[in-house]
Amino acid sequence: MVRGRSRYQILGVIILGALLVFANSRGWLRPLKDVTGTVVAPVANVFGSAGHSTGNFFHLLFAVKQIAQDNTKLENQVAELRQRLSEDAEMRRENEELRTQYNLPDSAKRTLLPANVVSYQPDNIRQYMTINRGSKDGLKDGMAVISGGSLVGKLSDVTARSAKVFLVTDPNFKVSGIDQDSPNRAAGTVSGHLGSGLIMDKIAQSDGVKQGDTVITSGLGGELPKGILIGQVQGVYQQDNAVFQSAQLVSDVKFNRLEMVFVVTGS
Amino acid sequence: MKYVWLALLVVVTVVLQTSFFGEVRLAGIVPNLFLVLVIYIGLSLRANEAMTLALAGGILLDFASGADFGLRMAFYSALALGVMLLAETGADLDNLSVVLILTAGATVLYNLAVIASLATIHVQLNWWHMVTVVLLEVLVNMAVALLVRPLLVRILRRPSSMSAVALRNGGQL
């Protein structure tokens, strides 16, 4: 049994902890978080860079065969994308001519702010990371974060000099998505699932969704800009007596190997 | 000076866990270095010292987490207290098996706490994947506890701390 003075000291620690939780809920801890982030960030950067180099070294050692397979797959994709790029260039030219002819405003362009990944979540269940940009750089909660054109997550808990990015694979992550390649542009809700990656559900049974389709953000609700790539459909799950169908998505983003990401600050 | 070193140890552990081992994952798992440190702290230091360090490190991890503020602070403080109470039962705390069992048990409890925190939001979990992740994390943390033991025993069982061990053996914290 804990005795005497130690009992009161332990009680003091518990009360202090409860007060800190209350203070955080009120937002009173933000200045302290700012100071802590500012002090720790340079050290975390050094360790993170060292970790990234070490991780790359071991990844190279154990993934040589996979790298060769990925290389072949990517070469094929590049050839296919070159073809699509030339077709898109024609469509863009035609789009601009029509806009000029009908005096329509230009479509919005996105502004991107680069940010370095400073640290990752300290456990293996929640999926988020910390970047070295904050409100001083114009960042706000809810802004989209992308890498290589694909959605990485959205901002949360923005302080003056840092921000948390909740990854799309976090179980709390949800966004409205559209299947770009389905005839009806099938809409659904994309959410992170522990162990299953990304799932797009609430898709109407009548919507034709197939493997390989591209899913993008729909922009509904104004939560994230429209048109950001989320992933490709890897599998479709249908049940005859169910109202909705769902699809498993796979993202091109290597979430555990990110060094730099881009925050969509304007669109 | 002792408290400076202990505070530095806590900060370095937290930074390593969130930055270096966020990139270098063992079997895809981030090792819970701070959990292992709290266990050794609970076995080696006085009650107020152990609880304070566990609380401070938990706060830093909560700052780094961005979600469920207070979860890690509460868990690690409770873990330090639990380890100290275990010391009162007369368990042979210098036995490596005790450390490894504590590490395994604390890892499972920590992950259960994080999963329980998700119960307030509507999420779907792949339970088989969760069990696999937790088991892997148990193995990784036990390996870490084994590897860091010589270093931590050397740092924490210094002459000024020996009195804490002696006091504990006398049945008082």
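**One arginine, then the interface**

Let me start in the loop of chain B that runs between H1 and helix H2 (33-44), where we find B:Arg25. Keep in mind that we are looking at a predicted model.

Is B:Arg25 buried or exposed? Its relative accessible area is 18%, and the cut-off for buried is under 20%, so B:Arg25 counts as buried.

What does B:Arg25 touch, leaving aside residues up to four places away in sequence? On the chain A side there are A:Tyr120, A:Gln121 and A:Asn256, and within chain B there is B:Val30. The side chain of B:Arg25 also reaches back to B:Gly22, coming to 3.0 Å from its backbone oxygen.

Now to the interface as a whole. Chain B puts 52 residues into the contact, and chain A puts in 50 residues. Between them the buried area is about 4,300 Å², with carbon and sulfur atoms giving 64% of that. Three residues, B:Glu23, B:Phe63 and B:Phe69, supply 17% of what chain B buries against chain A, more than any other three residues.

A:Asp123 forms a salt bridge with B:Arg72, and the closest N and O atoms are 3.0 Å apart.

Which parts of chain B face chain A? At least two residues each come from helix H1 (2-23), helix H3 (47-65), helix H4 (71-88), helix H5 (96-117) and helix H6 (127-156). H3(B) gives the largest share of that side, 11 residues. By type, the residues of chain B that touch chain A are 29 nonpolar, 17 polar and 6 charged.

Last, confidence. For the complex, the predictor gives an ipTM of 0.76 and a pTM of 0.78. Chain B has a mean pLDDT of 82, and 84% of its residues reach 70 or more. Residues 158-168 of chain B are another matter: the pLDDT there is below 50, although this stretch has 25 contacts in the model beyond near neighbours in sequence. Where pLDDT is low, the predicted coordinates should not be read in detail.

That is the end of the tour. Thank you.

How values were computed
Residues numbered from 1 in each chain as written. Chains lettered and ligands numbered in written order. Predicted model: local features only at pLDDT ≥ 70, side-chain atom pairs only at ≥ 80, totals over all residues. Heavy atoms only, no water. pLDDT = per-residue confidence, 0-100. Contact = heavy atoms within 4.5 Å. Buried area = accessible area lost by both parts, 1.4 Å probe. Salt bridge = Lys/Arg side-chain N within 4 Å of Asp/Glu carboxyl O. Helix = DSSP H or I, 4+ residues; strand = E, 2+ residues; numbered from the N terminus. Nonpolar A, V, L, I, M, F, W, Y, C, P; charged D, E, K, R; others polar. Buried < 20%, exposed > 50% of the residue type's maximum accessible area, 1.4 Å probe, protein only. Polar contact = N/O pair within 3.5 Å; in protein donor to acceptor, adjacent residues only side chain to side chain.
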